Amino acid sequence: MGLLFIVTLVLTQLHAQVEKPKVDKYTLPNGLTVVLQEDHRLPKVHGIVVTRAGSINDPDDATGMAHYLEHMMFKGTTGMGTVDWEKEKPHYDKVVELYDQLGKTTNKKEREAIQLKINEASLKAAEYTIPNELTKLLDNIGATNVNAGTGYDITQYYSTFPSSQVERWLTLYSHIFEKPVFRGFQGELENVYEEFNMYADRQDQQLSELVMKNIFKQTPYGRSIIGYPEHLKNPSLTKLQTFFEQYYAAGNMALILCGDVDPEKVKPLIAATFGQWPAKPAPQESFKDEAPFKGRELVKLKAGPYDAILLNYRSVPRNHRDNLVLNICAGILNNGQSGLLDEFATENKALAVSCSNLAMKNTGVIEFMFVPNAQAYYEGPDLKFISTPEEYKNAMRQLDVARLKGRDAGEQIILSQLKRLKESDYPDWLIESVKNTFINNFIRRQESIYSRASELTGYFAYNVDIDQYLNFIDNVKAITKEDVKRVAEQYFTDNYMIFQISPGTIRNKEIEKPAYKALEFPNGEKNSAFAETFFKIQTPGQTIPYIDFEKDATLSKLKNGTALYYTANPVNDFFSLRVRYGAGAEKIKQLKYASLLNYAGGGGFDVKIFKRRLAELNCSLSVGADDSYTSVSLSGPGASFARALSLFSTFVNAPALYDNQVSRLAEGERINRKQQLDEPEIIADALDEYVRYGKESEYLDRLTLQELRKLKAANITAAFKTATEYEATIFYSGALPENQLKQQLEQNFKMTPPVHKSDGLLVKEINKITENTIYLVNFSALQAQFAVLANGKAFDPKETAVINMFNAYLSNGFTGLMMQELRENRSLAYGAGARYSTPPLVNKPAYFVGIVQTQNDKIYTAMETFMGLVRNMPQKADRMENLKRYFNLVAVNSPDFRDVPYYIESNKRLGYTDDPQKTLLPEIEKMTFEDIVGFWQQNVKDVPIAIMIVGNTKYIDMKTLAKYGKIVEVKVKDLFSKDEE
């Protein structure tokens with residue numbers, strides 16, 4: 001029997017039972033597209049409202065408009081978010097007028113005067129505002145995953161909600177797009193700029209924007225989605241309103257609902273809510289395409305932490321007939337294990353190699369990345385045996401030359417593999433494997449209401465016919481090598497743009513904060529007229545899908561004593577198998593590098609053949625380790641399980657890792673460690689580790705680069721083999737009956753009896769904080785990082801209910817105290833939060849944590865506000881009932897079937913023998929606000945606290961700062977282990 005026949009047989013067996021996805025798609029009389037997809041497994045729905053408008057639609061003189069509007073759609077309407085719109089309106093109109101004046105003014109003093117007038121008018125308008133009423137109403141219906149996002153072509157608004165609340169959700173989301181009011185813009189402008197600062201400090205983001213700017217010189221795809229700084233500081237509410245009226249038209253928008261919806265019941269509700277929008281067609285758009293590349297266009301960039309090349313070809317929009325074939329081309333070249341380019345990673349010539357197809361609404365680009373492994377091109381003395389500093393310096397110079405040599409080689413490697421694609425010079429099994437993987441991934445996405453809703457949103461936003469979704473499997477099956485050859489020859493020509501990337505840091509200019517007074521909202525706890533009507537909508541009772549610890553996942557033993565968690569797959573034939581051994585990197589230090597085994601073969605096969613065999617079965621295998629456990633995971637179609645399990649067994653018992661593959665570790669770590677010294681968020685994390693664990697911080701307790709270069713494959717495989725001698729637990733979800741699964745495991749998976757008992761889950765305890773202390777790191781970036789840490793007491797699960805309520809009161813999104821006070825009222829941070837964090841084991845210590853990301857010149861004010869909330873927590877008892885309702889409704893968010901065994905296991909560790917929701921919800925129901933206050937007083941109010949700041953000290957008055965505690969100045973270099981370079 002031929003190999004291709006076997007692969008095709010697996011494909012046929014797997015997909016013979018797969019039905020086409022069912023979608024109910026229709027258009028309302030006003031032009032709005034509606035897409036419904038049923039899934040009644042859990043009583044929840046994921047809803048998305050999307051418009052075909054993104055940053056490419058921004059006016060040339062007002063970039064960032066689409067993103068600004070995304071933020072402002074949460075501010076309410078003429079009926080929501082205000083106690084009296086008629087009285088608020090004159091002040092709001094004044095704010096609109098003043099922003100138009102500000103945009104036309106360049107004189108610094110005149111601008112400052114106008115900004116103060118904006119602040120005065122905003123303060124007046126705030127007298128009538130009900131801040132965050134939308135998010136309060138979303139809490140009232142138990143909405144989770146509440147967010148929005150702006151892309152080049154799309155803006156979307158989404159959340160997940162209990163199916164009992166569908167009428168309220170439709171009422172709420174349809175209302176916010178009817179007569180929006182962009183109130184509180186003064187504060188939101190600063191919040192958007194904080195977001196700009198956050199992205200500007202991320203070097204990978206800056207590199208990506210530079211690349212797009214060079215590829216798209218004539219079209220808006222070359223602009224940053226968030227907008228240019230000069231436009232962000234000069235916004236126009238008039239232009240914002242114009243943008244909304246043009247692009248937020250019913251004919252340009254869609255409503256997508258996936259989950260527990262009955263189309264016959266929900267359609268009348270949609271007609272009564274979204275159907276009341278005025279009829280308005282989509283705006284007419286014209287798009288000027290980019291000119292083709294001419295030959296080899298070279299661009300040199302100094303950005304990011306590594307030497308690399310990026311090679312780009314122009315391609316097609318998302319809805320083009322060739323886009324799917326181009327995706328298959330990308331998979332043949334780069335699928336993570338057996339692609340034509342992947343072998344250069346497995347052969348150690350590249351640290352990373354990838355191919356991605358970025359298909360947008362109007363155009364597309366295919367990008368190849370190659371990050372060389374310098375040691376593969378190094379011709380100097382053996383790095384393991386260097387003994388003198390002079391020899392070491394000379395070797396490092398030669399290693400730098402090797403990186404450039406490897407970067408240049410990457411271009412030829414990519415072009416050579418594209419030549420193979422154009423000549424069909426690759427085996428038949430590879431294209432069949434890639435096609436099968438595409439089909440498998442499509443079917444796996446159907447397991448999740450979130451993935452399905454997101455996918456359907458993309459089909460609408462990018463003008464892709466819904467039939468392409470319904471017939472996806474058939475369309476993939478129909479693709480041939482001839483199709484791939486035609487498309488490769490058409491698009492992978494001699495015309496491309498190549499970027500030569502050298503290490504470098506990009507920093508934008510700092511922006512001064514305006515002299516605004518904080519907004520005060522005297523009506524913060526009141527309800528608008530819309531809210532009063534909203535609360536009168538009757539909702540049916542909600543059934544909570546409690547997890548049955550005995551039935552939803554069974555726990556049994558194999559003959560050798562290994563524990564097995566079994567979960568039936570009710571959706572498809574795909575299995576996932578995870579074998580977790582009871583030892584991790586805390587016990588066996590070299591397991592910290594266990595991920596290297598993802599480049600290993602097994603059972604006598606080298607990695608190339610081993611990966612091919614997995615690919616032929618359309619399965620994937622991965623290895624990883626944390627402090628407590630080492631895990632090996634296998635997944636794929638049920639038809640492949642027995643054969644894949646045999647491969648899995650040979651890998652676990654005899655992984656084949658070679659020294660040349662381990663050599664990539666040091667070079668990869670060199671890049672990572674260089675990047676760590678330049679990223680404020682990583683430095684903040686290193687400071688947090690330093691305060692928590694001292695010398696045991698993961699950034700300090702690690703091998704040096706020289707030690708990593710001396711590491712051998714035998715060290716890693718020996719550590720892994722030692723881990724497999726510990727007790728194991730197997731987690732399986734799939735369609736195979738449990739008795740047959742046990743037979744397969746006992747026949748095809750060779751497990752030796754455990755030599756050591758598992759220590760179980762390890763909880764690393766933090767250092768004792770005995771006095772208020774400020775740890776300060778001087779680092780110049782646009783955004784400062786602020787965090788706090790305090791010890792808690794030994795965790796008693798009986799306190800879970802009050803802890804959950806306290807955390808929600810403090811930091812439940814925009815309705816929590818932290819975001820409301822720091823972001824909404826004072827514009828001091830893009831994100832802020834705090835919580836009392838509990839350990840996963842009984843009687844282990846809890847701790848209090850908090851974080852704020854803010855502009856450097858706001859850091860002290862932000863810290864002062866944050867600490868005021870912690871030490872003198874405002875007491876708003878009126879919020880109690882809404883918090884209770886929220887927790888009762890979000891209880892429908894039970895884990896999906898693949899996550900059920902982990903849910904059961906984690907709760908058993910805490911002493912639960914049944915779903916904890918059964919006891920937590922009654923406890924929450926009888927709780928009073930005094931319980932929250934009492935918990936705060938006992939556990940947070942007066943405890944010694946460590947304050948951690950990473951920011952520019954030129955903005956900080958040390959004497960004023962000292963009132964919060966003893967100041968300890970820490971240097972960046974002290975947070976990271978010492979390396980030779």
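The cover over the buried residues of helix H31 (buried: under 20% relative accessible area, 1.4 Å probe, protein chains only) includes helix H5 (133–140), strand S4 (144–150), strand S5 (155–162), helix H28 (800–811), helix H33 (917–925) and helix H34 (929–939). Helices (H or I, at least four residues) and strands (E, at least two) are DSSP runs, numbered from the N terminus. The model is predicted, with pLDDT of at least 70 needed for local features and 80 or more for side-chain atom pairs, while totals for chains, interfaces and linings use all residues. Residues are numbered from 1 along each chain as its sequence is written, and side-chain values use heavy atoms, without hydrogens or water.

H31 spans residues 880–890; eight of its eleven residues are buried, so the helix is largely enclosed by the rest of the structure. Among them are Met880, Leu883, Tyr886 and Phe887.

Six strands form an open sheet with mixed pairing, in the order S12-S13-S19-S14-S17-S16. Strands S12 (554–557) and S16 (620–625) stand at the edges; each has a single partner strand, so one side of each lacks a neighbour in the sheet. Pairing requires at least two DSSP bridges between two strands. S13 (residues 563–568) and S19 (residues 728–734) pair in the parallel sense over six bridges. Tyr566 stands opposite Tyr732 in S19.

Two asparagines have positive phi: Asn463, near 60°, and Asn843, near 70°. Asn463 lies in the loop between helix H16 (449–461) and helix H17 (466–470). Asn843 lies in the loop between strand S22 (831–837) and strand S23 (845–855). At 57% relative accessibility, Asn843 is exposed (over 50%).

Definitions and conventions. Contact means heavy atoms within 4.5 Å.
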